[in-house]
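User: I would like a close look at one part of this model. Please keep the answer to what can be read from the coordinates.
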Amino acid sequence: MLRRVFNDVTVWKEEWSMIDPVIQRLLEKAIDTPVKLHLLLMFHENARMEGTAHEIANRVCRDIWSVAQALDELVEDGVMGRSVSSKGDLRYRYAPQPENHESIKRLIAGYDDPIERDLLQRLIRDLSTYAAYRRSSAWEYQIA
């Protein structure tokens with residue numbers, strides 16, 4: 001059992017080292033779940049798109065809760081922008097901060113390669129298992 005765990009960690013480290021360090025930082029900082037990756041790809045392709053969490057969830061065929069959480073975290077991480085409509089609804093749009101432009105550009109370019117896409121998806125799935133813990137500990141630290 002322990003040997004299998006060690007082998008899994010070794011394989012994960014080898015795969016992680018194959019990713020561009022600029023992309024690694026973006027994945028660790030912001031794009032740490034498949035939902036966030038899906039949203040980034042959609043908004044990057046449709047840069048003028050804007051919508052509420054409910055509208056976006058319908059468009060990507062995902063549940064409203066995970067989409068709303070991902071959108072809020074992407075805003076915090078400087079990938080998305082948020083504004084309030086005249087009706088009082090939160091509206092989200094693609095508005096990456098300048099420091100994220102290069103890493104997003106490289107992630108999108110890498111995602112076009114089928115082999116790198118598979119590797120990125122696998123690594124993001126692995127990151128997502130710990131994403132909630134990383135966010136919650138950061139949140140508790142800010143409150144304290």
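Which residues are buried in helix 4? Please also describe what surrounds them.

Analyst: This is a predicted model. The buried residues of helix 4 are Ala53, Ile56, Ala57 and Val60. An α-helix has 3.6 residues a turn, so residues three or four places apart point the same way. Viewed along the axis of helix 4, the buried residues lie within an arc of 100 degrees, so they line one face of the helix.

Next, the cover over that face. Helix 3, strand 1 (50-51), helix 5 (64-76) and strand 3 (90-94) are among the elements that cover the buried residues of helix 4.

The packing against helix 3 can be given in detail. Two packed helices are described by the angle between their axes and the distance between the axes. For helix 3 (residues 34-45) and helix 4 (residues 53-60), the axes come within 11 Å and the crossing angle is roughly 95 degrees. Angles of 65 to 115 degrees count as roughly perpendicular, and helix 3 and helix 4 are therefore roughly perpendicular to each other.

From helix 3, the contact involves His38, Leu39, Met42 and Phe43, which meet Ile56, Arg59 and Val60 of helix 4. Sorted by class, this contact has 5 nonpolar, 1 polar and 1 charged residues.

As for the end of the element, Cys61 follows helix 4 and has a positive phi, near 55 degrees.

Definitions and conventions:
Residues numbered from 1 in each chain as written. Predicted model: local features only at pLDDT ≥ 70, side-chain atom pairs only at ≥ 80, totals over all residues. Heavy atoms only, no water. Axes fitted to C-alpha atoms, helices over the stretch in contact; angles between N-to-C directions. Helix = DSSP H or I, 4+ residues; strand = E, 2+ residues; numbered from the N terminus. Parallel < 35°, antiparallel > 145°, perpendicular 65-115°, else oblique. Contact = heavy atoms within 4.5 Å. Nonpolar A, V, L, I, M, F, W, Y, C, P; charged D, E, K, R; others polar. Buried < 20%, exposed > 50% of the residue type's maximum accessible area, 1.4 Å probe, protein only. Arc of directions from axis to C-beta.
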